[in-house]
Amino acid sequence: MLFGKTWTLVGRARSCVVTPLARLFVSSNMAKSKFEYVRNFETDDTCLKNCYIVVRLDGRNFHRFTEQHKFTKPNDNRALGLMSRSAHSVMEELEDIVIAYGQSDEFSFVFKRTSTWFKRRASKLMTHVASQFSSSYVFYWKEFFGDQPLLYPPSFDGRVVLYPTNRNLKDYLSWRQADCHVNNLYNTVFWTLVQKGGLTTAQAEDRLKGTLAADKNEILFSEFEINYNNESALHRKGTTLIWEKRDETVTKRMKRPNEEEKEVSVTRSRKRVQAYHCDIIGEQFWEEHTDILEDDGC
């Protein structure tokens, strides 16, 4: 007898009384079956300690996706805004992400070195980031594209890379921003030649073969009076997301003993995700945001 109740198991040959507590032990033992050995086939993918964990997502077959959805060339601000909003959602879900960087159809998420989310299992981290990002991309689609329909679900593949030092991590993020610059400069010149210069895509591609950055800048300036440095920082620098504390003032109605209820302004500090479109290759950004990296003497 337990909690005023009994449970009776009736067999063909005998019967017995089992309390609710004993019933739990029966269920627990039944869960351990002879098939449980298959768990031994699981790979231990725990990320090394004292390393930044970077999860990078890339749009899968996004060349076709952008064509099907008629993205503006060379840059579609709606699409870039949607990418940033989706990344914002990931950071709000996983607060151990200290910085994220994105450009075009990719985003990198950096977990702090001391993070213990999902016991640092690479597969868990990657799949959670990928699923949260993908679902957010679909969820917020109408916010950026309005009545333009989403023709089919987008997908993103991911990878996990570990970086042991601050210098390694900064070099990784510098690499991604340098990639943003190279790709955007090429695409800006390419589509200017097509849209304003009247070239076909094949002709524009042939025109740019073997050209250096200086050559591309010269084409833009001398032929179209475009100074690349005046182009949008969003396109040239990509998007960097970090956590920042901001003071917020709200009005509340409060009533103190022996006093009438009245409105009182209350100021509190809250962490929010903030977007920047700036240089992260130089040291200025890191000097202004010293709380992003953990000190390692590197």
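**Group meeting: cores and surface of a predicted model**

Of the contacts in this protein (heavy atoms within 4.5 Å) between residues at least 6 apart in sequence, 69% join residues at least 24 apart. This is a predicted model, where local features need pLDDT of at least 70, side-chain atom pairs count only at pLDDT 80 or more, and totals for chains, interfaces and linings use all residues. Residues are numbered from 1 along each chain as its sequence is written, and side-chain values use heavy atoms, with hydrogens and water left out.

Confidence next. The average pLDDT, the predictor's confidence in each residue from 0 to 100, is 89, and 88% of the residues score at least 70. Over residues 1-15 the pLDDT is below 50. Where pLDDT is low, the predicted coordinates should not be read in detail.

Now the inside. Of the 298 residues, 36% are buried, meaning under 20% relative accessible area with a 1.4 Å probe, protein chains only. A nonpolar core is a set of buried Ala, Val, Leu, Ile, Met, Phe, Trp, Tyr and Cys residues joined through side-chain atoms within 4.5 Å. Which residues have the most contacts inside the largest core? They are Phe 109, Phe 133 and Tyr 137, in a core of 32 residues. Tyr 137 touches residues including Phe 62, Leu 82 and Phe 156, leaving aside those up to four places away in sequence. A second, separate core has 17 residues, among them Val 54 and Ile 292.

Last, the outside. Phe 41 counts as exposed (over 50% relative accessible area) because its relative accessibility is 66%.
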